[in-house]
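Subject: Structure handover

Hello,

The structure is placed below for your files. My notes on it follow, in the order in which I would go through them.

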Amino acid sequence: MKGFPTFGFQRRKRELQEEIDAHLQMAITDRVARGETAETARQAAAREFGNIPLVQDVTRDMWGQGWLEQLGRDVRYALRQLRKSPGFTITATTMLAVAICANSTVFSWIEGTMLRPIPGARDAGDLVSLQRGERNFSPVPPLSYLDYRDLREQNHTLAGMLAFHHDWITLTGGAQPERVFIANVTANYFDVLGIKPVLGRFFLAEEETRPDAVPNVILSYSLWKTRYAADPAIVGKSIEIARHAVTVIGVAPEGFVGAMPGLRDDLWITLNPLGTSEWRMTHRSGGAVWLNVIGRLGPGVSRGQAAQDLDTLMHHIVLAYPDDHLGENRITLDPMWRSPFGANGFMAATLPILLAFAAVVLLLTCANVATLTLVRFVSRRRELAIRQSLGANRTQLMRQMVLEGVVLSIVAGAAALALTMWTSKTFAWFFRSSSSPTALNGSMDYKVMIGIAVFSLLAGMLCSALPAWRSSHAPAIEVLKAESASISGGSRNRKLLSGLVVAQIALSLPLLLCSGLLLRTLRNLADANPGFEQDHILTATVGLNIAGYSNDEVQVIRHKILDRVSALPGVKLASLTDWIPMTLTHKAEDAYPEGYVPHPHESLQVYHAEVAPQYFESLHIPILEGREFTPDDDEKAPKVLIVDQTAARRYWPGQDPLGKKLRIWGMLFTVVGVAKNSTHMFVNEAPEPMVYMSFFQQGYETIVQVKTEGNPADLAPVVENAIREIDTRLPVFDVRPMRESTQLASSLAVLQSALAGMFALIGLVLAVTGIYGVVAYRTQMRTHEIGVRMALGASRVDVLRLVLLQGLWLTGIGLALGLAFALGLTRLIARLLYGIGAHDPITVVSVVLLLGTMSLLACYFPAHRAMRRNPVTAIREL
Amino acid sequence: MNEKDQYKNRIELLQGTLDMLILQTLQWGPQHGYGIVQALRLRSGDVLQVETGSLYPALHRLERQSWVQSEWKQSESKQKARYYRITAKGKKQLASDLGRWERIVEAIGSVMYIKPEESGS
């Protein structure tokens, strides 16, 4: 067994031939020397030697390498057999390809999001994302710079700890202002992630906090390519961001888009590049809590140990600065694949479940292909029996039959690979209307290819091993003797066929049930009242805060926008806000209600939004008490708040909230109104307290919200032009009807139900064709028997009953097993449901009825055919 | 049962013995397959006729177990042939085969030649 088998094998085959030739030659020479003629000597030597190919064959067996040659022979044989039945080959390959593609597609999405949370980062498995306070599915940045620096410098468990904050900004200086996503990062950001620049350098440690330094910026690879035409001399050049000159010092490598899974950064800059964030850098609470934090575990340190270490340090910080750390401060760490910051929190709750569905589809397909294969082997029983009596042993026969399945599945895998190249990229479709720079997509890499190889080999084995095992155990002599068709079915084959049909029904039921529940969830979500009226609303984002205008200019432009847009024909009301509900984003801040004593460990976080007058009116959110904001609630006026019912009930139960005071960012706000609760992020969220502030007092981003008379989409160009007329340099983007934006909140529900629905449809088709095929086949096998029965006086109804009953049994057992399986599986998706229980009786009953009816219908056709046969021809038919 | 299986069975029957005979033949010097057949026939007085279908599988098996080594050489009659040579490991194997064979012969002999009075007692 030395050397590489294939090369050695050919050489050794040649050598054996030479060895035998030499043997014969010597025998001939000896005989000639004894006086025989050359011709008789040659014949005698050959006779004495015996069957040369056989000697070669048994000798080769001794090498222990014959399997390779045999494999080659078996593959060729399998291909020949498959070519002989193109119908089966095409059907089985297509079904397997679709099922494998379903798996590899979902897997490529998992690979592109959860498994590669930060593309380009070294050992992403060691990275952890940090969360402070109550664990939350959609948290806000956890730390202030000072807290972050204390944790970074004092911990003993992390090899590195980076922090960042990102937001939109405008690239000015070019012909057209361009909105880009920029991240303020700590100097060690790229080091901790293990990223090397393709050009220039990254930040130095001393640049982290120096406000006097020239602001340096690092470009992402794609921005460098698109806006700067991949200029090789870009390093050292000055560009303009929000009308400030900054110097490019480096370009990040291709593929790296930042440290928050699912979001794309275009630029990186230090934390306080212009010296304008001094306040943020020197405080520990309020607006200074702005940094997202990612750590890299030290060698041999577990996530639990690191969390313990950081939590202890945080506890010391809380003791040292208690006023800055009211509420809950516990530190928790998550691996990046399920980090609640960015997209992976949502992905981790959805994609593994979809993969489980896809796996069920693959199993189901295997069962279906296995029935086809078994029927095929039964029809080839004579060929198999002949080969067996000619000396092929069972292992050889089985190997060949399994190989046919494996060849099929390899072809199917190749087809699935080609398909997945495309389907992996369809993931982004589900997040199109996002106002964040989403970078969500499937990734087709070597891991997905390995996955496809594993899926297809498993599938190939699964769908051929059982039929092959069964067929290779058919008694050869009986098969050859028996001319009657009746024996061919064989009671054992019948059992296997029945088992496979039952499996298909049992596997498709949970798929149908889950998809039914998810589809009804989607409908419930769409029908749910979010608490605001979103039809006839158009929103447009104006990048005022990021375009480099002074504060006074911003205020003037905002009023101009309101005046102009309100005057447009077709516009009923115009308002301003800095947040759109149900877009997967929210703002949150710690709030300290005066006179309220929090429970121990109670989070004081409230959601907040800054809205202009007429906001509530245009969205039809009722003001239950007090008043709405007026144009007089501006910077000069006392700070005011409108709270929602949740906040009012939590902080002032049984009291009148009007006139009460709340401290946020160290400022006192007076409650002037109470608004009715409305949806913030998801229809099925647990309500969080919400406070609305006056846009002209605290507004940051500028989103114009217009209530239109007609279709809001028709007004989009008019509104956009009206804003641009004020100042052509104003960046205006995301101009779209509100309903389009709020669809983002149900994008995951759409994803879940779309895939589950598709898988369930595949499952239904497979199960129904599976039961149809088996009942039709078995009925055909029993043609003769049925003919005899009818000749002996059985009525057509008797025949119909005979066949139908058979199908009914199989369906019944399948449904019973499937129901047990399904009710177990729906617990997996219970968290994804809304407005419907995981065991919702109506859905369960309708799904069972649907599958039962379809199966019975599938049985009816063969039964009907059998019933209509002429008994005389049926008896003659063998 | 096909021809191939029959060959296999015959090897099995003879296995220990054929291996031992081949190794013994190679004790007298390196030899090719044809030479081994001739040598065995001569030494056994034409009684042992080894079939090629047993010999070559046996030789290749012995080589795989490193009991013999092979190399291509010219024979006396200028014929290029594959010569097998016994290895040190093969010699050890031969000794143990021989010991076992002697015990078997002895055992069979003692069964076959039992004196009637001894069996009676």
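**The contact between chains A and B**

Chain A puts 19 residues into the contact and chain B puts in 22, two residues being in contact if their C-beta atoms, placed from the backbone, lie within 7 Å. On the chain A side, helix H1 (5-33) and helix H3 (52-63) each supply at least two residues; helices here are DSSP runs (H or I) of at least four residues, strands are E runs of at least two, and both are numbered from the N terminus. H3(A) gives the largest share of that side, eight residues. By class, the side of chain A that touches chain B has ten nonpolar, six polar and three charged residues. In this scheme Ala, Val, Leu, Ile, Met, Phe, Trp, Tyr, Cys and Pro are nonpolar, Asp, Glu, Lys and Arg are charged, and the others, Gly among them, are polar.

Please keep in mind that this is a predicted model, in which local features need pLDDT of at least 70 and side-chain atom pairs count only at pLDDT 80 or more, while totals for chains, interfaces and linings use all residues. Residues are numbered from 1 along each chain as its sequence is written, and chains are lettered from A and ligands numbered from 1 in the order in which they are written.

**H3 against H3**

Across the contact, H3(A) and H3(B) pack at an angle of about 20° with their axes 8 Å apart. Axes are lines fitted to C-alpha atoms, for helices over the stretch in contact, and angles run from 0 to 180 degrees between N-to-C directions. The two helices are therefore roughly parallel, on a scale where angles under 35 degrees are roughly parallel, over 145 roughly antiparallel, 65 to 115 roughly perpendicular and the rest oblique. Their crossing is right-handed, meaning that the near helix is turned clockwise from the far one by less than a right angle, anticlockwise being left-handed. The residues that H3(A) brings include A:Val55, A:Val58 and A:Met62, and those from H3(B) include B:Tyr56, B:His60 and B:Arg64. Seven nonpolar, four polar and three charged residues make up this helix contact.

**Within chain B**

H3(B) also packs on helix H2 (residues 33-43) of chain B, at about 120° and with the axes 11 Å apart. H2(B) and H3(B) are therefore oblique to each other, and the crossing is again right-handed. Here B:Gly33, B:Ile36 and B:Val37 of H2(B) meet B:Leu55, B:Tyr56 and B:Leu59 of H3(B). Five of these residues are nonpolar, one is polar and none is charged.

Chain B has an open sheet of three strands in the order E1-E3-E2, with antiparallel pairing. Strands E1 (31-32) and E2 (68-74) are at the edges with a single partner each, so one side of each has no neighbour in the sheet. Seven bridges pair E2(B) with E3 (residues 80-86); strands count as paired if DSSP finds at least two bridges between them. B:Glu71 stands opposite B:Tyr83 in E3(B).

**Within chain A**

Chain A is divided into five domains, among them domain 2 (72-117 + 345-351 + 372-482) and domain 5 (537-743), with bounds from an automatic or database domain assignment. The C-alpha centres of domains 2 and 5 of chain A lie 55 Å apart.

Strand E6 (residues 216-219) of chain A runs parallel to E8 (residues 244-251), joined by four bridges, and A:Asn216 has A:Thr247 as its bridge partner. E6(A) is also joined to E9 (residues 267-270) by three bridges, in the antiparallel sense. There A:Val217 stands opposite A:Ile269.

Regards
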